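Here is my note on the model, written as numbered points. Please keep the structure open and find each element as you read.

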Amino acid sequence: MAGTKRVCIVGGGSSGLTSIKACLEEGLEPVCFEKTDQLGGLWRYRDDDSDGLASVMRSTIINSSKEMSAYSDFPPPKEFPNYMHNSYMIRYIEMYAEKFDLGQHIRYRHEILKVVENHDFDETGRWKVTIRDIDKNISFDDVYDGVMVYLSTRRGCWIIHRVGPNGMPFDATFLKRSWNTIWRSIPYSLLCYLSENYINNRFNHEIYQIKPKHRIFGQHPMVNDALPNRILSGTVELKGNIKAFTEKGVIFEEEEEEREADVIILATGYKIQFPFIDEKILSIENNNVDLYKYVIPPKLKHPSLAFIALAQPVGALFPIGEIQARWFALLMSKKAKLPPFGDMMADIKKKRADMAKRYFESPRNTIQIDWIPYMDEVSSLINAKPKLFNILLTDPGFFWHCVFGPCLPYQYRLNGPHPWPDARKTIMTYKDRVHYALKTRYSSRTKEVVQSPGFLKLVTSFLFLILLAFILSVLF
Ligand SMILES: Cc1cc2nc3c(=O)[nH]c(=O)nc-3n(C[C@H](O)[C@H](O)[C@H](O)COP(=O)(O)OP(=O)(O)OC[C@H]3O[C@@H](n4cnc5c(N)ncnc54)[C@H](O)[C@@H]3O)c2cc1C
């Protein structure tokens, strides 16, 4: 493979795997280093507590539904539950690796210790990577054309639930292009007011003493179905901050009495860190990172280093990592280009300013993105954003699904590099798979799914267009 660019991928988690695939699609040579002996990253549940290794808990269930969390050309099996337990999630990741034969590109029990610019970086953009073979306990250097890095990531909060209207997955109900257009057209305070009312209809955050000071879109929401039920039945009690730790327990603020505790869990969040990358390349202050589109350090002379899935979307992270990896693979194969340094910095500053207006200042709120706008933004850099106007003219029924149905990751394989021929069919049959997972009674699996009538879809589309025209005429 003389002349083929070699890309070093740090970590064999869900982002590392989709990065391997994106490199293969672009004719690059990926070499992925994983410090454990298995792929899957934090979705591989570990009983033991190993330093520096993230793991889900035994009971963790994904909080983004399976169709919204899918890789864009590989839907999870229809039998898998809509919100997968981590044992299903890891199986899905393994199936993705098996289907595209990604495992052969991973070197297990190899840890990346350092990534520095190679002596010829200015001319070539290459990186010198120091790797430790854990079993042999030896370190060695190797040179790569590009490097892709994985992500590892007191007040009240707004709680959204997995079960949405009609019992359908909540994220699939609201992450729709139609809603997105309306949300972006109405004033922010009205949007918050309507959404908070909707959420409070399930349980009143004020009465449950969990209402935060910030508005609903001012912080990443929490997804939990059990908490209100637990509070209502008295098995969970809300308290304020911890004032002091005592020998046997804690004292909460506004209380004098000591409360005994068997176990204290510090769920205090994540710190963004890349110890193997020099601060000159990426400085991180209070979790603030200067990355163009949250992926590329803009100061580098060559765009040959990428941070994949270093973002916090209201929605699933897997498709975000995938679209970022596809973009970076195109940058490496010189089929995509970055704008000038000044434009990239202006984009970073604008994003930071927009975030400051909406989110309260906290190390937690530094990499926030909105799912549909961000996916559209990055996909448009590689021409993979769905061409909705063309779809409207040539395939109106399908347009309805793209705009009024959930914005499924498969939309980003309709056009652009490496499209997936089954993307349209997979979008059209989304409901079948959601319903199928619920049909666990033997006889029900043979019955047809009831689709909503075409006439209703036509009326809904018409009403939406009138509403949109009204909003636009009021605003402009
Ligand atoms: C509890 C929890 C629940 C979540 N739930 C969801 C959800 O419902 N939906 C969603 O979309 N996202 C969710 N996320 C976000 C999650 O980060 C992503 O889903 C995804 O796992 C990120 O994958 P990754 O490959 O970037 O990182 P990881 O899964 O953390 O994988 C990183 C890999 O890199 C390896 N590694 C680390 N350092 C080195 C090194 N120096 N050298 C070599 N290898 C190294 C690690 O061993 C690991 O295998 C959740 C996160 C957590 C913590």
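1. **The five-stranded sheet.** This is a predicted model. Start with the open sheet of five strands. Its strand order is S3-S2-S1-S7-S15, and the pairing is parallel. In general, strands of a sheet pair through backbone hydrogen bonds, either parallel or antiparallel. Which strands stand at the edges? They are S3 (106–108) and S15 (305–307), and each pairs on one side only. Neighbouring strands of this sheet are turned against each other by 20° on average, with direction ignored.

2. Look at S1 (residues 6–10) and S7 (residues 146–149). Four bridges join them in the parallel sense. As an example to find on screen, Val10 has Val149 of S7 as its bridge partner. Helix H1 (residues 14–25) packs on the sheet. H1 touches S1, S2 (29–34), S3 and S7. Its direction makes about 170° with that of S1.

3. Helix H8 lies across S1, S7 and S15. H8 runs at about 170° to S7.

4. **H1 against H8.** Now compare the two helices with each other. Two packed helices are described by the angle between their axes and the distance between the axes. The axes of H1 and H8 come within 8 Å. They cross at roughly 35°, and the crossing is right-handed. From H1, the residues in contact are Ser14, Thr18, Ser19, Ala22 and Cys23. From H8, they are Phe318, Gly321, Glu322, Ala325, Arg326 and Ala329. By class, this contact has five nonpolar, four polar and two charged residues.

5. **H8 against H10.** H8 (residues 318–332) also meets H10 (residues 371–381). Their axes come within 9 Å and cross at roughly 15°. Angles under 35 degrees count as roughly parallel, and H8 and H10 are therefore roughly parallel to each other. The crossing of H8 and H10 is left-handed. H8 contributes Pro319, Ile320, Ile323, Gln324 and Trp327 to the contact. H10 contributes Trp371, Tyr374, Met375, Val378, Ser379 and Leu381. How many of the contact residues are nonpolar, polar and charged? Nine are nonpolar, two are polar and none is charged.

6. **H5 against H10.** H10 has another helix packed on it, H5 (residues 177–185). The angle between H5 and H10 is about 105°, and their axes are 10 Å apart. That makes H5 roughly perpendicular to H10. Arg177, Asn180 and Arg184 of H5 meet Ile372, Pro373 and Asp376 of H10. The residues of this contact divide into two nonpolar, one polar and three charged.

7. **The three-stranded sheet.** There is also an open sheet of three strands, in the order S10-S11-S12. Here the pairing is antiparallel. Why is one side of S10 (242–245) and of S12 (259–260) left without a neighbour in the sheet? Both stand at the edges with a single partner strand each, so one side of each has no neighbour there.

8. S10 and S11 (residues 249–252) run antiparallel and are joined by three bridges. Ile242 stands opposite Phe252 in S11. Ala244 stands opposite Ile251 in S11. A hairpin of three residues connects S10 to S11.

9. **The whole protein.** Finally, step back. The protein has 15 helices and 17 strands. Its radius of gyration is 24 Å, close to the 23 Å that the globule rule gives for 476 residues, so the protein is as compact as a globular protein of that length. The C-alpha atoms fill a box of roughly 70 × 60 × 55 Å, taken along the principal axes.

Conventions. Residues numbered from 1 in each chain as written. Predicted model: local features only at pLDDT ≥ 70, side-chain atom pairs only at ≥ 80, totals over all residues. Heavy atoms only, no water. Axes fitted to C-alpha atoms, helices over the stretch in contact; angles between N-to-C directions. Helix = DSSP H or I, 4+ residues; strand = E, 2+ residues; numbered from the N terminus. Parallel < 35°, antiparallel > 145°, perpendicular 65-115°, else oblique. Left-handed = near helix turned anticlockwise from the far one by under 90°. Contact = heavy atoms within 4.5 Å. Nonpolar A, V, L, I, M, F, W, Y, C, P; charged D, E, K, R; others polar. Pairing = 2+ DSSP bridges. Rg over C-alpha atoms; globule rule 2.2 N^0.38 Å.
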